[in-house]
Amino acid sequence: MKLRTSSASALFLVPLVAGALALPATAQTGMNTTALEHSVVLDNLESPWDMAFLADGTMFFTEKCKGLSVLMPSGEVKPLLGMSGSEGYPSTADDLFCEGQAGMMGVAIDPNFAENRRIYVYSTSNMVTPHTNRLMRLVVSEDFTGVSDRTDIVDDVPYKMAASDHPFGGPGAHNGGRVRFGPDGALWLTTGDNHNAEIPQSPTLMGSKVLRIDTDGNAHPDNNPPEGFDKRAYTYGHRNVQGIAFEPATGTPIVVEHGPWHSDEITVLVNGGNGGWDPRPNMAGRGDCPDNYCGYSPNQMEGMNRYERAAFMPMTDLDTYPDAMQPIWDNNGWSQGSGSAAFLEGEQWGDWNGAMVVGVMGIGFGGTPIGQRIDVVELTDDLQVEDVTEMTLPMESARFRSVVLGPDGSLYTAVDEGAIHKLTPAN
């Protein structure tokens, strides 16, 4: 592993306090070997959140506060399912709503779509109180003009109902939201902690988990959570996972997660593993915290050294949980909104064939670098980070919410500013 020597990092280098997570910094010095061509696939969208492709290029996409639509290979966009109050959709679901970070998020296509026409969409719902986040199974009509037969296969992912005294403290915080099929054919869903300190280590609350389930919402038979845990949990103890991808050679699940003013992380998942996030007050040397959540402590509204933050409130607390899954990357201690992941595949990507890409939305706080970018993360055969290269973009940086490899081998990215871009290696 190479060592990073950026001047930005040097400004904040201090000795790590005993017990804090200490990862070697990783260089962003790799050669940018691939020139990219760029085109705008769609614009004038409202917070596009995720995409999923059929083999012919048909692209389903979600907009957080509007709903689900599909872009046909002809270029025609067909609305499918609107949120409450949305207009222009053939049908709306009155219980689906958006607030803060919540709304319509991840989307995935059933591997047997040609036979069953099923897709899966994760959204916030007020069908019950307290409200929840739900994973819905829908059937797409033969002419792609609508969806039917909604079945909520997961209906109990917690939702933050009320504001709290925290940064981004409004309702709807930290829902996770990525939905993907793994190479094992199972359905994977990532969730978040809602600014609720009890959720991450809870055996039964389904926030802060990575779920592995079947298409009816049942636990995968090989899940191995600790005794007493909900069997749907593949891993637990996460903060707010929004990125999950599967290493092509082995199928190993790898997640990308936001940090709390410090330490975005990439973690190779272990069946039954603990992510080590536990923001409860009055433990691990901490006292009381605002609204019983230490996730941004100390000095949650003021800038301070990120390593001191990490020592006080670790993203992965290896002192309390020595067997927790250790991240393979921590963004050099920065929190910049690392929130989506995919693997580049195909000879067109040259030396990056098989590398992981991470979309970084960008967060600045107390003078920290915002860091909007797409990183190319090259891994060793044993899934350690070998090198990290910031992709040289043929477009302006933005809040990269989603990165997805399309069936044409291009990389597609949705940005909060309202567009979906296509990046293609130049010949």
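Start by selecting G371, which sits in the loop between β18 (356-360) and β19 (373-379); strands here are DSSP runs of E, at least two residues long, numbered from the N terminus. You're looking at a predicted model, where local features need pLDDT of at least 70, side-chain atom pairs count only at pLDDT 80 or more, and totals for chains, interfaces and linings use all residues. Residues are numbered from 1 along each chain as its sequence is written, and side-chain values use heavy atoms, with hydrogens and water left out.

Stay on G371 for a moment. Leaving aside neighbours within four places in sequence, show Q336, V360 and G362: G371 is in contact with them, meaning heavy atoms within 4.5 Å.

Next, pick out the open sheet of 4 strands, ordered β10-β11-β12-β13 with antiparallel pairing; a pair needs at least two DSSP bridges between the strands. β10 (179-181) and β13 (233-235) are the edges, and each has a single partner strand, so one side of each lacks a neighbour in the sheet. From one strand to the next the twist averages 30°, with axes fitted to C-alpha atoms and angles from 0 to 180 degrees between N-to-C directions. Zoom in on β10 and β11 (residues 187-190), joined by 3 bridges; R180 has W188 as its bridge partner in β11.

Keep R180 selected, as it also belongs to the next stop. Which residues lie nearest the centre of the largest pocket? They are F53, R180, F181, V404 and L405, out of 30 lining residues. The pocket's volume is about 790 Å³. Colour β2 (48-53), β6 (104-109), β10, β14 (241-246), β17 (338-343) and β21 (400-405): each supplies at least two lining residues.

For the last stop, there are 2 cavities of 30 Å³ or more. The largest cavity holds about 50 Å³, and its lining includes H238, E257, W277 and M325. On a 1 Å grid over the protein atoms alone, a cavity is where a 1.4 Å probe fits but cannot get out; a pocket is an open set with protein on both sides within 12 Å along at least five of seven lines, and lining residues have an atom within 4 Å of a point. Points join across faces, edges and corners, and a volume is the space filled by probe spheres set on them.
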